[in-house]
Amino acid sequence: MRYFLLLFSAICLVNCGQSDPEKLEKGMWRGLIETQDQEALPFNFEVINDSLLTVFNADEEIKVDEISFENDSVIIKLPVFEGYLKAKLVDGKSLNGFFIIDDLNRSVPFKAVFGESFRFKTTKNADVNVDGNWETTFSPDSSEDVYKAKGIFKQDGDKVTGTFRTTTGDYRFLEGSVEGSTMKLSAFDGAHAFLFTAQVSDSTMSGMFYSGNHYKEPFIAKRNDKFELADADSLTFLKPGFDALAFSFPDHKGNMVSLSDAQFKNKVVVVQLMGSWCPNCLDESKYFVEYLKSHNSEDIAFVGLAFEYAKTEEKAFENIERLTSRLGITYPVLLAQYGSTNKETAQEKLPMLNHVLSYPTAIYVDKKGKVRKIHTGFNGPATGDLYVEYKSDFESFISELVNE
């Protein structure tokens, strides 16, 4: 009897010593994601309660409502995208773990501390002002990887916001600071972790772009208010001899869907080449959803063709469903490719195109089935006036096609 009493007491002591998992302290946090060259990408988030936090990138606020606790760890899954943070929680006020994207076999060291609301720590004022437009060249010494971009920045004191526009899209909401003659900008959204560092003069900059800890490339820039990128409507086009688009890909129920189907007959159709992993595609999809809510016409149809890096068809459709349900997408999103987002392979599935240069790409088809325009990339809300201009042009062109 005494043995059982002792055993019962021991079990009680163990169980009574176990406590519920620690929770995140409410308030502002500063996260750091490892890159290369001993640099770290900072971002800020605010914990609202045990099941809600907000990630901040300049004007962007990302509401995160998938937070779970396992013993001494917390898992923070950002909306839409596959990436998530998994870290050990210490005293509710510090995190130490990884930013993980399973299907890319990517695991990047991450840590965070409570009570810090700054992004980049600065010890002296800015000596330069980057306000304005910058003609930018990424990988300037590479004949194969070189590409042009347009830097668009606003500076207030030592605080900087803006983005880099390229012919395939923008780098979304960048936020940072200038300390002396050094500029640093970052963005984190659950898909990509971007860090830009540069040495700046009044008219030039030279720096490095980091994507997580797996990629980096140099860039140079010069102040140029007159610089413009190539026309986004001229980069992708039908090969000679083609005037129509044709495809047949499965929906989430396994049904093969084609542009020749009855649901698209005698309608203006916007065909969206995209991926559930792609932030610029997210921005474009949000706008398409917004547009359809205010332009509910039987003469207009949208269809998405998703190119997914998920390793299995099942996981690819799971990621597509996560995107469509989160954004309220009502148009069909078909699985065009999984296991790779390779653009050359994507072009093989749409052989009438000269190339697939960008995710997203929007193909405009008139009521007779003729391709009227192909728009490469997307100027999202981080581009300010360009985003407003894009929306105006989009609505005018669709209206023109509908009224033909």
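Predicted model: local features only at pLDDT ≥ 70, side-chain atom pairs only at ≥ 80, totals over all residues.
Good morning. Helix α2 has as its buried residues Pro 279, Asn 280, Cys 281, Leu 282, Asp 283, Glu 284, Ser 285, Tyr 287, Phe 288, Val 289, Tyr 291 and Leu 292.

What provides the cover? Among the elements over these buried residues are strands β13 (169-170), β21 (268-274), β22 (300-307) and β24 (361-365), together with helices α3 (313-327) and α5 (385-402). The length of α2, residues 279-294, can also be checked: at 1.5 Å a residue it should span 22 Å, and its end C-alpha atoms lie 23 Å apart, which agrees.

I turn now to the sheet. Nine strands form an open sheet with antiparallel pairing, in the order β4-β3-β2-β1-β9-β8-β7-β6-β5. At its edges are β4 (60-64) and β5 (66-70), each of which pairs on one side only. From one strand to the next, the twist averages 25 degrees. Within this sheet, β2 (residues 40-49) and β3 (residues 52-57) run antiparallel and are joined by five bridges. Asn 44 stands opposite Phe 56 of β3.

Finally, the nonpolar cores. The largest contains 95 residues, and those touching the most other members are Leu 24, Leu 95, Phe 247, Val 271, Leu 305, Leu 350 and Phe 394. Leu 95, with neighbours within four places in sequence left aside, is in contact with residues including Leu 24, Trp 29, Phe 45, Val 74 and Phe 110. Thank you.

Definitions and conventions:
Residues numbered from 1 in each chain as written. Heavy atoms only, no water. Helix = DSSP H or I, 4+ residues; strand = E, 2+ residues; numbered from the N terminus. Expected span 1.5 Å × (residues − 1). Buried < 20%, exposed > 50% of the residue type's maximum accessible area, 1.4 Å probe, protein only. Contact = heavy atoms within 4.5 Å. Pairing = 2+ DSSP bridges. Axes fitted to C-alpha atoms, helices over the stretch in contact; angles between N-to-C directions. Core = buried A, V, L, I, M, F, W, Y, C linked by side-chain atoms within 4.5 Å.
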